[in-house]
Amino acid sequence: MYELKEIADIICLHPIHLSKVIKLETGHHACYFYEQRILLEAKKLLADRTLPIGTIAHTFFHEFL
């Protein structure tokens, strides 16, 4: 997943401006969408009952946080 600064760099905008535009257009701060994506990925991993919770926690911590 990209950080807000990386996305801003890709589309040639200042990160603060991009953040303000996202908030203005969606009503949510940019971090809201990042958090939603993290929750979605966590739910996907937890839905796989063959994976031990410790493995999920380890994988999730190193890949997403």
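The protein comes out at a radius of gyration of 15 Å, whereas a compact globule of 65 residues would sit near 11 Å. That radius is taken over C-alpha atoms, and the globule rule is 2.2 Å times the number of residues to the power 0.38. The model is a predicted one, so to speak of local features takes a pLDDT of at least 70 and side-chain atom pairs count only at pLDDT 80 or more, while totals for chains, interfaces and linings use all residues. Residues are numbered from 1 along each chain as its sequence is written, and side-chain values use heavy atoms, with hydrogens and water left out.

Taken along the principal axes, the C-alpha atoms fill a box of roughly 45 × 20 × 15 Å. The protein has 4 helices and 0 strands, in the order α-α-α-α from the N terminus on. Helices (H or I, at least four residues) and strands (E, at least two) are DSSP runs, numbered from the N terminus. Of the 65 residues, 14% count as buried; buried means under 20% relative accessible area, exposed over 50%, and partly exposed in between, with a 1.4 Å probe and protein chains only. Contacts (heavy atoms within 4.5 Å) with a separation of 6 or more include a 25% share from residues 24 or more positions apart.

Ile10 belongs to helix α1, which covers residues 4–10. Its relative accessible area is 56%, so Ile10 is exposed. From Ile10 to Asp48 it is 38 residues in sequence and 34 Å in space, C-alpha to C-alpha.

Next comes the largest pocket, with a volume of about 230 Å³. A pocket here is found on a 1 Å grid over the protein atoms alone, as an open set of points where a 1.4 Å probe fits, with protein on both sides within 12 Å along at least five of seven lines; lining residues have an atom within 4 Å of a point. Grid points are joined across faces, edges and corners, and the volume is the space filled by probe spheres set on them. Helices α1, α2 (15–26) and α3 (30–47) each supply at least two lining residues, and α3 gives the most, with 4. Among the lining residues are Tyr2, Leu18, Ile22 and Phe33. By class, the lining has 9 nonpolar, no polar and 1 charged residues.

As for cysteines, Cys31 also lines that pocket and is partly exposed at 43% relative accessibility, while Cys12 is exposed at 68%. The structure holds 0 disulfides, a disulfide being a pair of cysteine sulfur atoms within 2.5 Å.

Definitions and conventions
Ala, Val, Leu, Ile, Met, Phe, Trp, Tyr, Cys and Pro count as nonpolar, Asp, Glu, Lys and Arg as charged, and the others, Gly among them, as polar.
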